[in-house]
Amino acid sequence: MIQWPKTNDALGTVNRGNPCESGLCTLCRVDCMGKCETWLSSLKGRKLLYPRDYSFTTAGSANSSHIGVSYNSLRINGYNYGATGLPKGLSNSEDDCIFPNVNIEGEFGQAVKTKFRVPMMTGALGSTFVAAKYWESFATGAALVGIPIVVGENVVGIDKQAEIKNGKIIKAPELDRRVETFLRYYDGYGAIIVQMNVEDTRNGVAEYVIKKFGDKVIIELKWGQGAKCIGGEIQVTSLEYAQFLKKRGYVVDPDPTLPQVQEAFKAGAIKSIARHSRLGYTSLSSEKQVEENFMKAVKYLRKIGYKRISLKTGSYGMEALAMSIKYASDAKLDLLTIDGSGGGTGMSPWNMMETWGVPSILLHAKAYEYAEILRKKGKQVVDMAFAGGLAREDHIFKALALGAPYTKLVCMGRALMIPAYLGSNIEGVLNPAAKTKVSGSWDKLPASVTEMGSTPDELFAGYYDLQKKVGKDEMKNVPLGAVALWTLADKLAAGVQQLMAGARRFTLKAIRRDDIFSANRETEKETGVPFITDAADDKAKKILKG
Ligand code: SF4
């Protein structure tokens, strides 16, 4: 097993727990006092692009050996001349071709285009309690940055205040809050996507959302995720709530209506009960039937008024991957999110997370190969988002290049949740009256924070930049979790601009597969991306022999 380093002396970062491929800890805590790269970037912003203590230090990469097949075994290409994809109004002069001028705005979709300011989106944040607790920060931050955010599955089903009559939603206050929070700061960039699984479809989420919000919302059909292959799960610690969920029609385990489970719960031997979702398409036995069912669902969603529809698929094997790309393309969907194993934002069985499904880089490399097959047949391929263990700016660039030109966005789950926790923890200390509302977990600021300052404008590098956007009066309404998300997004955006400038790509559309190398032969074999010294070797030899 590869061990990812816990500390990075160059950046001054330390993981609280054991790091995984993304650079995040295997277990990320809402009360974490730091300080991995994502946590620290949510405060210091683009300063974290550089080694610390400038003018007192020199730095050298520790990443020279690339073991195994992962995103960390891809390297980014750079060129010594040229500039491609210059945005309108930019000449190819050295004065114009500077990294801050790299345009990282983009769009996805078919008939209706959805614009974004940074090529990233959140993972699906559904019925898991952290999603509800920190939603103000997630949604406000996403709207201000201008990136899509996904309301995950089961939000209505677990909402005690929601009213469902004859299997159809009458009232859904939590879902309303999720959508309205985003729309408050929405300014034409980003999107609110509402996901539907089996239970949501039964409950009439699609019908409710279109009636209430019209086509402001993108509706997402959900096939799966990278973290698990049995649908969304949560854990509840109240017997009464578990019984309510059972009544709502969920699979609840252990069964809270059984006397022995109730006794064990009262005795304290069972402390929590899990709520599960159903598997989709269980009554179908052929690929053809899935296609028919899928096309029927899309047709229905269009009939009731949806102009934008997306699909999220998980890290299933190659047949399901091919189905998702083919059907989403044929149905002219707006986005297909392909989530590789093995992280997640909610609850998943740990050993399932460790062992099931196709790891991100393998899944994404195949997605490109399959998309090419469709393109060569003359089909228009659906726009894609790649997800699964991606957290840094180099991950964004590599994923966009690996799936170019089909990949428009990188979907980040756990990474984009960290600023919301951190900002909320700080807000809870600075404004104790708001501590419960913002779900702050600290009583005082830890040393890892006070070494940077003690007020929001001292702590968040992006504070004044965001204040310029929203105005001084409005700034007091912006949760500090959203300020932290803005600050992290600024660092990621600047990092992507730098990598793109180095690759001489000045718009997202100009990014190509040639812009990455495989750093070992195994990665080359699995991804089809040439090994470092094989890439452009023919051109090099032509120069020498010419
Ligand atoms: S924020 Fe999460 S990933 Fe980062 S150090 Fe803390 S626990 Fe680890």
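Predicted model: local features only at pLDDT ≥ 70, side-chain atom pairs only at ≥ 80, totals over all residues.
Residues are numbered from 1 along each chain as its sequence is written.

The chain holds 22 helices and 20 strands; helices (H or I, at least four residues) and strands (E, at least two) are DSSP runs, numbered from the N terminus. The radius of gyration is 23 Å, close to the 24 Å that the globule rule gives for 546 residues, so the chain is as compact as a globular protein of that length. That radius is taken over C-alpha atoms, and the globule rule is 2.2 Å times the number of residues to the power 0.38. Along the principal axes, the C-alpha atoms fill a box of roughly 80 × 60 × 45 Å.

Of the 546 residues, 49% count as buried. A residue is buried if 20 or more other C-beta atoms lie within 10 Å of its own, exposed if 12 or fewer, and partly exposed in between, with C-beta atoms placed from the backbone. Among contacts with a separation of 6 or more, 73% join residues 24 or more positions apart; a contact means that two C-beta atoms, placed from the backbone, lie within 7 Å.

Two buried residues illustrate such links across the sequence. Glycine 204 sits in the loop between helix 5 (198-203) and helix 6 (205-213), and it counts as buried because it has 20 C-beta neighbours inside 10 Å. Beyond its neighbours within four places in sequence, glycine 204 contacts Gly167, Lys168 and Ile169. Its C-alpha atom is 9.4 Å from that of isoleucine 170, 34 residues away along the chain.

Threonine 407 belongs to strand 19 (residues 407-412) and is buried, with 26 C-beta neighbours inside 10 Å. Leaving out residues up to four places away, threonine 407 touches Met384, Ala385, Phe386, Ala399 and Leu400. Tyrosine 368, 39 residues apart from threonine 407 in sequence, is 8.6 Å away, C-alpha to C-alpha.

Helix 8 (residues 259-267) gives a contrasting case: of its 9 residues the number buried is 0, so this helix lies largely in the open. Glycine 268 follows helix 8 and has a positive phi, near 95 degrees.

Around the ligand are Asn15, Arg16, Gly17, Leu24, Cys25, Cys28, Arg29, Cys32, Cys36, Thr38, Trp39 and Ile418, where a residue is near a molecule if its C-beta atom, placed from the backbone, lies within 6 Å of it. This shell divides into 7 nonpolar, 3 polar and 2 charged residues. Ala, Val, Leu, Ile, Met, Phe, Trp, Tyr, Cys and Pro count as nonpolar, Asp, Glu, Lys and Arg as charged, and the others, Gly among them, as polar.
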